[in-house]
Number of protein chains: 4
Amino acid sequence: MNEPIIRPPGRPRSEASRDAILDAAYWQTIERGYHAVTTESIAKAAGAGKQTLYRWWPGKAAIVLDALAQKARERIDRPMEAAIRAGDLHAYLRGAIAALTTIGPALRCLMGEAQADPDILSSLRGHFVEPRCNALRLLLEQRVTSPTHRETLVEAIDGAIWRRLLLGDRLDNAFAAVLVESLK
Amino acid sequence: MNEPIIRPPGRPRSEASRDAILDAAYWQTIERGYHAVTTESIAKAAGAGKQTLYRWWPGKAAIVLDALAQKARERIDRPMEAAIRAGDLHAYLRGAIAALTTIGPALRCLMGEAQADPDILSSLRGHFVEPRCNALRLLLEQRVTSPTHRETLVEAIDGAIWRRLLLGDRLDNAFAAVLVESLK
Amino acid sequence: MNEPIIRPPGRPRSEASRDAILDAAYWQTIERGYHAVTTESIAKAAGAGKQTLYRWWPGKAAIVLDALAQKARERIDRPMEAAIRAGDLHAYLRGAIAALTTIGPALRCLMGEAQADPDILSSLRGHFVEPRCNALRLLLEQRVTSPTHRETLVEAIDGAIWRRLLLGDRLDNAFAAVLVESLK
Amino acid sequence: MNEPIIRPPGRPRSEASRDAILDAAYWQTIERGYHAVTTESIAKAAGAGKQTLYRWWPGKAAIVLDALAQKARERIDRPMEAAIRAGDLHAYLRGAIAALTTIGPALRCLMGEAQADPDILSSLRGHFVEPRCNALRLLLEQRVTSPTHRETLVEAIDGAIWRRLLLGDRLDNAFAAVLVESLK
DNA sequence: CGCTAACCGAGACGGTACGTCTTGTCTTGAG
DNA sequence: CTCAAGACAAGACGTACCGTCTCGGTTAGCG
């Protein structure tokens with residue numbers, strides 16, 4: 001029952017560095033846009049060496065994706081759990097849509113990177129597609145009885161959101177309302 | 001009454017070069033992926049000088065987008081007109097979905113470029129979003145009477161297609177069938 | 001009257017580590033060349049931590065120089081003492097020249113490092129220049145009576161040897177014979 | 001009788017860039033020392049792109065060597081021709097020795113680089129060893145009749161100069177005088 | 001015996017330079 | 001004025017090595 005956590009030899013990884021890198025990556029992406037962010041600028045802002053980035057991530061895309069995913073976990077998924085437990089689809093959609101306004105542009109670019117890198121794609125799915133689909137599936141459970149129909153609805157709602165995001169169309173409460181309305 | 005077509009002075013633009021560039025851009029994008037294509041590789045393959053590319057297009061993204069759009073017009077929009085005139089939604093969706101398998105990956109990347117360049121975004125909309133939406137709007141005219149509901153449906157169907165494309169999910173006849181089924 | 005060797009507190013320096021480091025530095029330098037040797041590769045081969053290198057030497061150049069100097073003492077200076085005592089200039093030159101074939105390339109590199117680091121330069125002088133000059137001075141004592149002329153001869157002979165070494169020219173017995181011949 | 005100089009197609013190499021690069025490389029090497037010079041700092045100072053350096057030279061060592069060789073041709077070999085034609089060994093040595101004070105430290109480093117790169121070594125020979133040896137050979141022609149003895153003397157004088165250079169010893173007129181004196 | 005001090009291996013860290021790659025512009029002669 | 005060819009400035013990329021720092025663990029003398 002005791003903890004068998006044995007530390008490997010050598011200097012342990014610096015969590016401070018990890019956090020500083022992800023933080024710098026997040027804010028630079030939000031403020032300057034994905035293309036203007038550089039591995040070097042991240043390293044500089046984080047007070048880290050460039051090699052430290054490449055030791056733990058395969059490249060810029062992975063770092064930014066990780067940074068966005070962490071913030072999404074903290075700020076989006078956590079607060080959204082209440083809406084999911086309450087079964088309030090409208091509230092959930094409002095929240096989910098609002099959350100996308102900041103990270104949307106970066107997600108578009110990561111979609112592009114994902115074409116050439118399957119790891120990026122699967123990470124993108126795991127962090128930014130499946131969580132919302134799972135939530136929608138849960139929230140539609142009572143309203144839609146047929147599983148296949150429900151799945152199609154999930155895809156349609158999730159797809160409509162992604163589409164607006166990628167095309168730069170308005171993502172506001174009105175859009176959330178329209179989506180809910182169309183289900184009646 | 002004679003033809004008022006006066007030629008500007010100097011050597012006229014070479015249509016052969018234009019076609020060779022678009023052709024090279026198209027095939028390299030399909031075969032190697034957007035990121036592996038470079039302005040230099042396009043110029044080389046087209047037997048063109050790099051300056052000729054930049055004389056007529058603002059950059060790589062615009063060239064590839066133009067190349068994809070041209071092929072799409074030739075191979076997709078043209079054959080699809082029959083389905084639209086016949087009002088056959090199912091046939092239209094089958095065709096539209098099939099057409100995306102080749103150019104899909106490149107469109108993802110262009111989505112990324114579009115974040116930093118509004119011209120790319122509007123070109124992307126004009127060539128690859130609005131045509132399909134217009135077709136869907138027409139095809140849903142009889143089935144769905146409410147204009148707002150119809151618009152939401154268009155967004156949902158178009159969004160579901162984009163979503164599968166961007167996530168690399170299967171885009172096949174079964175998916176077209178599911179979409180049609182869900183409208184009943 | 002007892003030994004005043006007072007040990008400092010703490011764990012004493014490991015002679016085994018010191019020897020392993022110098023040995024690894026020597027052989028890697030001989031076999032791969034100075035530039036291909038890394039502080040990390042030395043540490044690895046010696047089964048030592050990198051900090052142990054930097055605790056006792058100021059950097060890579062100093063380690064390699066130390067390693068070469070130690071081997072030179074063991075294999076060159078010691079056996080050469082016989083020739084010096086016997087006053088046999090020809091035998092001494094043959095031995096001195098033969099000894100350079102292995103460590104020559106590394107000495108060239110250390111010459112480069114010495115530009116930026118005076119400590120390296122003075123160490124280089126002390127280990128690889130002055131011993132030979134002292135020996136030559138001794139061996140020329142009877143042949144050349146004028147001290148200034150003798151000094152110039154020492155510089156000329158030592159310089160000719162260094163020159164061939166640095167230029168990668170042949171350093172063989174014929175060269176030793178030519179040098180002796182020119183003194184008659 | 002007409003000039004058959006046909007230009008290859010494309011933009012010709014910019015002599016301005018070439019000169020600016022060599023100039024920047026020369027002065028930075030003299031003022032900061034070889035190790036402190038960077039391909040990037042050369043490019044920056046020359047107003048050139050880094051790729052332009054690597055298009056025409058294989059690396060930093062080759063650039064610096066070329067820069068030093070060019071200056072040596074301009075400032076050393078040219079003015080020295082008078083002394084050679086006049087057969088004035090003493091004047092030649094004074095000039096040759098004076099010229100080394102500036103570029104000496106850099107040559108030491110290039111000697112080090114030459115270990116790993118035969119091209120650098122042969123370039124070093126061609127620009128900085130053979131010219132002086134040829135001059136010495138010429139100047140000793142009358143004084144020393146035996147060809148083998150003359151060759152040994154050339155090596156000894158050249159070697160003594162190199163030796164002082166590499167060891168950072170004084171290279172002044174007194175040294176030139178001593179060398180001449182020892183030949184009598 | 002425990003305590004303190006300096007050592008040891010391992011390996012992550014910040015930093016710097018390298019050489020490659022791509023973009024978009026500029027400069028030739030030819031058409 | 002356009003075209004092919006290709007050199008140019010700019011600057012991001014990912015790699016390699018350097019010398020430092022941080023762990024857990026070891027080995028001595030001293031109390």
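The model described here is predicted. The contact between the two chains draws 29 residues from chain C and 29 residues from chain D. On the side of chain C that touches chain D, the elements contributing two or more residues are α5 (89-116), α6 (118-139) and α7 (147-167) of chain C. The largest share of that side is supplied by α7(C), with 11 residues. By class, the side of chain C that touches chain D consists of 14 nonpolar, nine polar and six charged residues. Of the interface residues of chain C, 100% are also interface residues in chain D, so the copies meet through the same surface.

Chains A and B were examined in the same terms. Chain B is brought onto chain A with an RMSD of 0.2 Å by a turn of 179 degrees and a shift of 0.1 Å along the axis. The two copies are thus related as by a two-fold rotation axis. Their contact involves 29 residues of chain B and 28 residues of chain A. The side of chain B that touches chain A receives two or more residues from each of α5 (89-116), α6 (118-139) and α7 (147-167) of chain B. Of these, α7(B) gives the most, at 11 residues. The side of chain B that touches chain A comprises 14 nonpolar, nine polar and six charged residues. In this pair, 97% of the interface residues of chain B are also interface residues in chain A, so the copies meet through the same surface.

The secondary structure of the individual chain is illustrated by chain A, which contains eight helices and zero strands. From the N terminus, the elements of chain A follow the order α-α-α-α-α-α-α-α. The C-alpha trace of chain A extends over about 60 × 50 × 25 Å along its principal axes. Chain A has 184 residues, of which 34% count as buried. Where contacts in chain A join residues at least 6 apart in sequence, 59% of them link residues at least 24 apart.

The axes of helix α4 (residues 60-86) and helix α6 (residues 118-139) of chain D come within 10 Å and cross at roughly 10 degrees. With angles under 35 degrees counted as roughly parallel, α4(D) and α6(D) are therefore roughly parallel to each other. Residues of α4(D) in this contact include A61(D), L65(D), D77(D), M80(D) and I84(D), while those of α6(D) include I120(D), H127(D), F128(D), P131(D) and L139(D). The contact of α4(D) with α6(D) is made by 14 nonpolar, two polar and one charged residues.

The buried nonpolar residues were also considered. In soluble globular proteins, nonpolar side chains tend to be buried together. The largest nonpolar core in the model has 100 residues, and those with the most contacts inside it are A25(C), V64(C), L110(C), A25(D), V64(D) and L110(D). A second, separate core contains 98 residues, among them I42(A), L89(A), L93(A) and L153(B). Beyond its neighbours within four places in sequence, A25(C) is in contact with V37(C), I42(C), I63(C), V64(C) and A67(C).

Terms used
Residues numbered from 1 in each chain as written. Chains lettered and ligands numbered in written order. Predicted model: local features only at pLDDT ≥ 70, side-chain atom pairs only at ≥ 80, totals over all residues. Least-squares fit on C-alpha atoms with pLDDT ≥ 70 in both. Contact = placed C-beta atoms within 7 Å. Core = buried A, V, L, I, M, F, W, Y, C linked by C-beta atoms within 7 Å. Buried ≥ 20, exposed ≤ 12 C-beta atoms within 10 Å, placed from the backbone. Helix = DSSP H or I, 4+ residues; strand = E, 2+ residues; numbered from the N terminus. Axes fitted to C-alpha atoms, helices over the stretch in contact; angles between N-to-C directions. Parallel < 35°, antiparallel > 145°, perpendicular 65-115°, else oblique. Nonpolar A, V, L, I, M, F, W, Y, C, P; charged D, E, K, R; others polar.
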